[in-house]
Amino acid sequence: MDSKKITAVIFSYNSISHEKILSNLKSINLISEIFVVSDRDSGYRNLILSQHPFSGKTIKEIIEKVSTRYVLIIIGSSLVELSNDCVEKLFLKAQRSEAGWIYSDYYRKQNQKIIIHPLIDYQSGSIRDDFDFGNCFLLDVDLVKEIIEDLLSINNDFKYSGLYDLRLLISRSKQFLRIQEPLYTVQKTDVSSESDKMFEYVNPKNRDAQIEMEKVVTHHLKKINAFIDSMQKKLVELEVEFKNEVSVIIPVKNRANTIVDAIQSALNQKTNFEFNIFVVDNHSDDGTTNLVRAISTENKKVINIIPQRNDLGIGGCWNEAIQHVACGKFAVQLDSDDLYANENTLQKIVDKFYEEKCGMVIGSYKLTDFHLNEIPPGLIDHREWTDANGHNNALRINGLGAPRAFFTPVIRKIKFPDVSYGEDYAVGLAFSREYKIGRIYDCLYLCRRWEGNTDSLLSIQKQNENNFYKDSLRTNEIKIRQELNRERSL
């Protein structure tokens, strides 16, 4: 095997881009051979024709054709521009490390400007299938050839999850190395918006791919002893006395234009039990405080809490409410931007708790604009969840759904991390590890996306911070599950 040269492989999605990438790669000294993987016959001599470029069989075929120590993978959905220096730096880093997968930051061409696009470091909890490695990364072929037979061990016919499976395989024995330097340039040709991409994993048209990814991650969790058997779940004892059956929890800061609607949607609930509403006003300064105070003065169901501390995140605000003496048996989420879909939401949630003796209930929500007009992809019902395996697959996906409701005695023990992003995911993972989670697939909730709250407007630095935090939650959760499994095996 040639250890002084590199093979390049382009996964081609765009014929214009891949022709330009090909021309670029032919000028790079370290590259000895170039393959193109595509579902269209372009007549290229080194073409690997496949209707499913990321299938396990295709990935295996690529590795079998490579005769060099390293292979440079290029995702051709965008125009990637490389240089001799770029490839040489990747090559030298690979030779000087024990890493199996090497990737780097890059430049992004946007509106005639070149912007640095930093990535994040890979960690053991980075097992979501949408981890961003950029459009260009280097693999150690020697390592891959040692483990390639395991690639098809789950299912020979997987069409979408081959590269994901390979990544998890490599992660079980080798490190991933990120070079904190932009080594190439990407000119985006994909016109889908960041907002669209946020919900790709719950789009019904991607269901087949999601089923494959779930099987791959489940296999991985078994291999690293972090798989939790559903038969080990605890049922909760719900026959405990609380003055109120439900407390609706609304953390809020500076939502004067939405908070009244949110509170009213909670007050409109028709139930056969008593409930109250906690509005935890995190020191608003836009008029929200006066609006909440006026409602709470008029209606005793509404309890207005202003924390003594002024440095709390959303999780800290939740902790203020669930520890309150008047908190009900079940604590139910309502974000200050959003609304319950109808007057039966709370009743359906409570009925589910008693029906399944679960520690947590999660409903389904519909995406709308500010004026409650439905926007794509519409209903988010997380039907990828199953009672048998949802608690394991939860480590792969980025969210569990809404509205979320918790059995108060348990959430008081778990508590929320005092952050304003990922706090719900953190407690969802903790519940799913030990307790049954009940799912409701009817629309219970309207999630308003608007310029004041949409995640798609976040800077790449903030998105990276959020993604790294959620990966760290997964890293911690995997360690806890591994330790739990070790204890159970004694």
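This is a predicted model: local features need pLDDT of at least 70, side-chain atom pairs count only at pLDDT 80 or more; totals for chains, interfaces and linings use all residues.
Reader: With which side chain does the side chain of Lys436 make a polar contact?

Author: Among the residues that Lys436 touches are Glu356 and Asp387. The polar contact of the Lys436 side chain, at 3.3 Å, is made with the side chain of Glu356.

Reader: How many disulfides does the count come to?

Author: A disulfide is a covalent bond between the sulfur atoms of two cysteines, and the rule used here asks for two such atoms within 2.5 Å. The sulfur of Cys317, a residue that is buried with a relative accessible area of 1%, is 14 Å from the closest cysteine sulfur, in Cys327, and that is too far for a bond. Cys447 is in no disulfide either, since the nearest cysteine sulfur, that of Cys443, is 10 Å away. By this rule, the number of disulfides is zero.

Reader: Is Cys447 buried or exposed?

Author: A residue counts as buried when its relative accessible area is under 20%. The relative accessibility of Cys447 is 14%, so Cys447 counts as buried.

Reader: Against which strands and helix do the buried residues of helix 8 pack?

Author: Helix 8 covers residues 259-267, and its buried residues are Ile259, Ala262, Ile263, Ser265, Ala266 and Leu267. In an α-helix, residues three or four places apart point the same way, because there are 3.6 residues a turn. The elements that the buried residues of helix 8 pack against are strand 12 (246-252), strand 13 (275-281), helix 9 (288-298), strand 14 (302-305) and strand 16 (339-340).

Reader: Which residues of strand 15 point the other way from Phe330 and Val332?

Author: In a regular strand the side chains alternate between the two faces of the sheet. Strand 15 spans residues 330-333, and its residues on both sides are buried; Phe330 and Val332 point one way, while the other way point Ala331 and Gln333.

Reader: Which residue in strand 19 is the bridge partner of Ala331?

Author: Strand 12 runs parallel to strand 15 and is joined to it by four bridges, with Ile249 standing opposite Gln333. Strand 15 also pairs with strand 19 (residues 404-407), here in the antiparallel sense and over three bridges. In strand 19, the bridge partner of Ala331 is Phe406.

Reader: What is omega for the cis peptide bond from Ala402 to Pro403?

Author: Most peptide bonds are trans, yet a cis bond joins Pro376 and Pro377, with omega about 0°, and Pro377 has its place in strand 18 (residues 374-380). Pro403 lies instead in the loop between helix 12 (390-393) and strand 19. For the cis bond from Ala402 to Pro403, omega is near -5°.

Reader: What is the positive phi of Leu372?

Author: Most residues other than glycine have a negative phi. Asn254, in the loop between strand 12 and helix 8, has a positive phi of about 55° and is partly exposed at 25% relative accessibility. Leu372 is found in the loop between strand 17 (360-368) and strand 18 and counts as partly exposed at 37% relative accessibility. Although Leu372 is not a glycine, its phi is about 70°.

Note on methods. Residues are numbered from 1 along each chain as its sequence is written. Side-chain values use heavy atoms; hydrogens and water are left out. A polar contact is a pair of N or O atoms within 3.5 Å; within protein, one must be able to donate a hydrogen and the other to accept it, and residues adjacent in sequence count only if both atoms are side-chain atoms. Contact means heavy atoms within 4.5 Å. Buried means under 20% relative accessible area, exposed over 50%, partly exposed in between (1.4 Å probe, protein chains only). Helices (H or I, at least four residues) and strands (E, at least two) are DSSP runs, numbered from the N terminus. Two strands pair if DSSP finds at least two bridges between them.
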